[in-house]
Amino acid sequence: KGLTCCPALAKGYSNGLTKSYQGEKTLIECMQTCKDMNSTSIELQNFQSEKDKARCYCNSGTQGSFSSSSYYRSCLLDTPEERKEGTLTLVGGSGSHEGNVHVNGMPVCSYSWDLPDAWVTCKQAGYLGVSQVKTNSHFGQVSSIHIMRDVQCNGKELALLDCDRYYDQYNCGGSRGAGVVCALRENGISTSLQDGLSQLEGRVVLDGKFVCAKDWDALDGQVACRELGYPHLVHVKEAEKNDSDSTGFSDFLCSGDEKSLSACPHLESNQTCSHKIAAVECSATERAYETLLVGGNSSAEGNVYLDGAPVCDYGWGWKDAMVTCKSLGYNFTQNVVGNSHYGPVPDNFINGVGYVSCNGDEENLHDCTFNENVKCPTNRGAGVICTNESPAGLITLVGG
């Protein structure tokens, strides 16, 4: 209980450590045995899965190097209490808000270093956001021995040592230091919408600046709607950017359960946005799926839309079309079409639907499995032709 393996079993083994073989054990058994022996890390030879037994080795010492091997799994042993220890400093920058990241005086390796890692670093350092993520010792050469590498934060941690990582004083090289530039904002920011047809929709604005649509998705839009007091996201879109528009936020990585956009990992900077502007349409009521056919010569045919967003023809087939027609009150499916047969679908919907997979007996399309948050190209809309007339050649069974 309380044992942690950081990160989740790196592939490889350690050199230069004192090793003690403890027999065949599962991961948990090996961790507990080695922790009782005050070991610093474990290795599992011929590892298959966490539930299978493997050759368990307990290691002592912290100065070893790491070698990759698909037959071994290695990790540091620690507890949540131990992980919270450590002093974080930013070294080499023009101020305390930027620099190469050091923990307990040792640099962090920039292997796998990304925005969630930088987000946690800046929070721990007392800043409210991230302006830039830096790698490769951007702020000057660092010591070749790093305290950790392959840091894997999710953005919700309070300190860098709470994140999964490989922690073994690894020789990463002097040019591989992880770095950050933290935002110098002192106050919180609020979300608003502009230029919509109603208060429920519009381009997203934070702190008076538009949000760049780079990496904008439905999870981000869901948080934006919730912050504005609306229970449901209808669409996330990409709106046109005007020359006079000022952007200051981008690269949002919301998980969907945050209370505000400012709580999601993101970048804050005044750099030019080469993308469109992030936009949303929210709903004051809970989501109600609705299937529509758009662009046909009659109500029985057209490109398929689910809840107002286009359905992509990725994986689109007869069973999917049959359920669509049935949900619209038609008895038969005359034809299945794709490639936006009834005209281009709009490409500013980021939360379209794709890879629909129905088994044919569902009552509605939303009862089938499908991928959400699909940005459908204009030429890949799924379509259908429904009918109430029995198609020619239809086989029926009578008198059974």
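Reader: Are Cys 254 and Cys 264 buried or exposed?
Author: This is a predicted model, in which local features need pLDDT of at least 70 and side-chain atom pairs count only at pLDDT 80 or more, while totals for chains, interfaces and linings use all residues. Residues are numbered from 1 along each chain as its sequence is written, and side-chain values use heavy atoms, with hydrogens and water left out. Buried means under 20% relative accessible area, exposed means over 50%, and partly exposed lies in between (1.4 Å probe, protein chains only). By that rule, Cys 254 and Cys 264 are both buried.

Reader: How many residues apart in sequence are the parts that Cys 254 and Cys 264 tie together?
Author: A disulfide is a covalent bond between the sulfur atoms of two cysteines, and here the term is applied to a pair of cysteine sulfur atoms within 2.5 Å. Cys 254 and Cys 264 are joined in this way, with an S to S distance of 2.1 Å, and with 105° about the S-S bond their link is right-handed. Both cysteines lie in the loop between β21 and β22, so the parts tied together are apart in sequence by 10 residues.

Reader: How many disulfides does a search of the whole structure find, and which hand has the link of Cys 153 and Cys 163?
Author: The search of the whole structure finds 11 disulfides, and one of them joins Cys 153 to Cys 163, whose sulfur atoms are 2.1 Å apart. Cys 153 counts as buried because its relative accessibility is 10%, and Cys 163 counts as buried because its own value is 0%. The torsion about the S-S bond of Cys 153 and Cys 163 is about 100°, so this disulfide is right-handed.

Reader: Which helix and which strand hold Cys 325 and Cys 386?
Author: Helices (H or I, at least four residues) and strands (E, at least two) are DSSP runs, numbered from the N terminus. Cys 325 and Cys 386 are both buried, and a disulfide joins them with an S to S distance of 2.0 Å. The torsion about their S-S bond is about -85°, so the disulfide is left-handed. The pair links distant parts of the chain, 61 residues apart, with Cys 325 in helix α5 and Cys 386 in strand β30.

Reader: Against which strands do the buried residues of α5 pack?
Author: In α5 the residues Asp 320, Ala 321, Val 323, Thr 324 and Cys 325 are buried, and the helix is followed by Gly 329, whose phi is positive, near 95°. Contact here means heavy atoms within 4.5 Å. The buried residues of α5 pack against β24, β25, β27 (332-337), β28 (352-357) and β30.

Reader: Why is the pair of Trp 216 and Phe 252 called edge-to-face?
Author: Rings of Phe, Tyr and Trp (its six-membered ring) pair if their centres lie within 6.5 Å, and planes under 30 degrees apart count as stacked, over 60 as edge-to-face and the rest as tilted. By this rule the count comes to three aromatic pairs. In one of them, the ring centres of Trp 216 and Phe 252 are 6.0 Å apart, and the pair is edge-to-face because the planes stand at 90°.
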